[in-house]
Each structure stands twice: as structure tokens, then as C-alpha cells.
Amino acid sequence: MASTTESRKGPVIAVFCGASTGYSSAHLEAARSLAHSLHAHNATLVYGAGTTGIMGEIAKTLVSLSGPQSVHGVIPKPLLGKERPEGNGGEDEDTYGLKTVVPDMHERKALMAQEVIEGGPGSGFVALSGGYGTLEELFEMITWNQLGIHGRGIVIFNVEGYYDGLISWVRSSVIGGFITPGNAGIMVEALDAEEVIKHLKEYKLSEDRLQLNWDHK
């Protein structure tokens, strides 16, 4: 059961996505659509802090609707010049939201995950279209869920069939005996922005998850 403090919080949603736009305009449109749904449901976005591609699109759209406090970008220092260049308005928090610079990728992902875990009901992780980095972040959160490190929902926003191959791979892994049928549902597919929010709110934990104690205190 959620604590009283958690219940008073709004949802915090981490979005993993590309720093490129992709060739189809549908990818940017999906980012804008998701930003509108986040605004409608009073959700906060935590993301990789980029100002380019799909990352920049979802951040600036949500800031335009909900204000800078609705977006928190977390970026490793070495990526500042690549993903948040000053010439692209990278220092303008009024456009792209609040920014935290961290030393490396591990701290970036840990901070993003912590904010989601501490968020209110409906918090979770979402993958929009992206490349290697997007998949790496997505799979780490899937693995953490499977290991019992967190219990937040994980949704892939499947734009124009972009993730059809990934969904097929999960099915093949179940058939091959590498993923249990229950854990195949750790990652949920959504075809539009409102469905993303719905899946996060109604997310059910897999009964096949490992019940491990990660409290090292």
C-alpha cells in the first residue's frame, strides 16, 4: 500500500528516447502527444536533459504547458556539448526545464530511477523511439523490476511499429525458455499517449519477479 506521503505526490515519469528526431515525423508527434498527456495528468517528467531530437521535443512541449518545474533533466558532464549545446538553448531552463549535471551515466540513471521510485501513484518508465542508449536504459529498468529493486510500471510507446521487433523478441524468449510468461508482461506496449498513462496507472507486478532484499543498510 502506498504511504500517505507518496499518495500526495503526483506521478513522476522517466522517459527514455533518442537525441535524434528519426526520419518519420510521427516520432516527434508522439513526443508532443505524450507531453500533453503528462500535463493533463499533472505528471512530472524526468529525462536525459537533451535539447535535441525527441528528448528536446518532449521537454520543451511540457515546459510550455506546465512550466519549468515540471521537467527535470539529468545529464552527464561529458554529454553537455553533444546533447545540450548552448547554441541550441541548452542553458535556458525556461525552455527545457530544470537541469542537473552528474559525473557519469551510472549516476544519471540512478538519479532518474530514484525520482520515479519516490514518485506518487502512476509513476513509471516509458520508452519512446530511440537507439542503443534508449534500449540500454529501458532494459536496465526491466531488469531492476524483475529483480525486485523497484515496482514501477514500464511502458514502450510503439510508434508506427518501431518496437515490433522488440515485442517479437520477448515472445521468442518466452518460447525459448529464457523469460517466464509472467515476466514477459513487465514491459507493456502502448499505441498512444493516453494509453501510456493508463498502463502506468493500472500496472500489475509480475508474480514471477524475484523477491530479493536490496536494503543494504
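Here are legends for several close-up views of this predicted model.

**About the model.** Residues are numbered from 1 along each chain as its sequence is written, and side-chain values use heavy atoms, with hydrogens and water left out. Because this is a predicted model, local features need pLDDT of at least 70 and side-chain atom pairs count only at pLDDT 80 or more, while totals for chains, interfaces and linings use all residues.

**View 1. Confidence along the chain.** The average pLDDT (the predictor's confidence in each residue, from 0 to 100) is 92 for the chain, and 92% of the residues score at least 70. Take some care with residues 1-7, where pLDDT stays under 50. For that stretch the model has seven contacts beyond four places in sequence, a contact being heavy atoms within 4.5 Å.

**View 2. Helix α2 against helix α3.** Two packed helices are described by the angle between their axes and the distance between the axes. Here α2 (residues 25-40) and α3 (residues 53-66) have axes that come within 8 Å and cross at roughly 30°. Axes are lines fitted to C-alpha atoms, for helices over the stretch in contact, with angles from 0 to 180 degrees between N-to-C directions. Helices (H or I, at least four residues) and strands (E, at least two) are DSSP runs, numbered from the N terminus. The α2 and α3 crossing is right-handed, meaning that the near helix is turned clockwise from the far one by less than a right angle. On the α2 side, the residues that meet α3 include Leu28, Ala31, Leu34 and Leu38; on the α3 side, Ile54, Ile58, Leu62 and Leu65 are among them. By class, this contact has nine nonpolar, six polar and two charged residues. Ala, Val, Leu, Ile, Met, Phe, Trp, Tyr, Cys and Pro count as nonpolar, Asp, Glu, Lys and Arg as charged, and the others, Gly among them, as polar.

**View 3. Thr61 in helix α3.** Thr61 sits in α3 and counts as buried because its relative accessibility is 10%. Buried means under 20% relative accessible area, exposed over 50%, and partly exposed in between (1.4 Å probe, protein chains only). A polar atom of the Thr61 side chain lies 2.7 Å from the backbone oxygen of Glu57. Beyond four places in sequence, Thr61 is in contact with Arg32, Ala35 and His36.

**View 4. Gly18 in its loop.** Look for Gly18 between β1 (12-16) and α2, where it is buried at 10% relative accessibility. Not counting residues up to four places away in sequence, Gly18 touches Thr52, Gly53, Ile54, Met55, Ser129, Gly130 and Thr134. Gly18 and Ala127 are 109 residues apart in sequence, yet their C-alpha atoms are 9.4 Å apart in space.

View 5. Asn42, in the loop between α2 and β2 (44-47), has a phi near 55°, a positive value in a residue other than glycine. Ala49, in the loop between β2 and α3, has a positive phi too, near 75°. Asn42 is exposed at 59% relative accessibility, whereas Ala49 is buried at 0%.

**View 6. Arg152 and Gly119.** Arg152 belongs to the loop between α7 (132-146) and β6 (153-157) and is buried, with a relative accessible area of 11%. Its side chain reaches the backbone oxygen of Gly119 at 2.5 Å.

Key: A polar contact is a pair of N or O atoms within 3.5 Å; within protein, one must be able to donate a hydrogen and the other to accept it, and residues adjacent in sequence count only if both atoms are side-chain atoms.
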